[in-house]
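Trainee: Please take one part of this model and look at it closely. Give the cut-off for each term as it comes up.

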Amino acid sequence: MKRLIAGALLVGAMLMFAAARGEQPIAMNIPAPEFEKAEEWINSKPLQLKDLRGQVVVVHFWTFG
């Protein structure tokens, strides 16, 4: 758990540093993949990334196995 928190703080610091310099981090230049293989949507109509552009989005997914 401590490593997870430390990693999150490190990533946050890196993002803040890049933003302060007016740069986007490399990972933010890669477009997110579409939700192509989603078979069932709960509490929402099927979504497309173009409809979510410019919004903060949290994707919560899980698998049964």
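Mentor: A pocket is an open set of points on a 1 Å grid over the protein atoms alone, where a 1.4 Å probe fits, with protein on both sides within 12 Å along at least five of seven lines; its volume is the space filled by probe spheres set on the points, which are joined across faces, edges and corners. The model is predicted, with local features needing pLDDT of at least 70 and side-chain atom pairs pLDDT 80 or more, while totals for chains, interfaces and linings use all residues. Residues are numbered from 1 along each chain, and side-chain values use heavy atoms, without hydrogens or water.

The lining (residues with an atom within 4 Å of a point) consists of Pro31, Ala32, Leu49, Lys50, Leu52, Arg53, Gly54, Gln55 and Val57. Five of these residues are nonpolar, two polar and two charged; Ala, Val, Leu, Ile, Met, Phe, Trp, Tyr, Cys and Pro count as nonpolar, Asp, Glu, Lys and Arg as charged, and the others, Gly among them, as polar.

The largest pocket holds about 560 Å³. Its lining has 18 residues, with Glu40, Trp41, His60, Phe61 and Trp62 nearest the centre, and divides into twelve nonpolar, three polar and three charged.

The chain has two helices and zero strands, taken as DSSP runs (H or I, at least four residues, for helices; E, at least two, for strands) numbered from the N terminus. Trp62 belongs to the segment after helix H2 (49-52), whereas Asn43 sits in the loop between helix H1 (2-20) and H2. Asn43 is not a glycine, yet its phi is positive, about 65°. Asn43 counts as exposed because its relative accessibility is 82%; with a 1.4 Å probe and protein chains only, exposed means over 50% relative accessible area, buried under 20%, and partly exposed in between. Of the 65 residues in the chain, 5% are buried.
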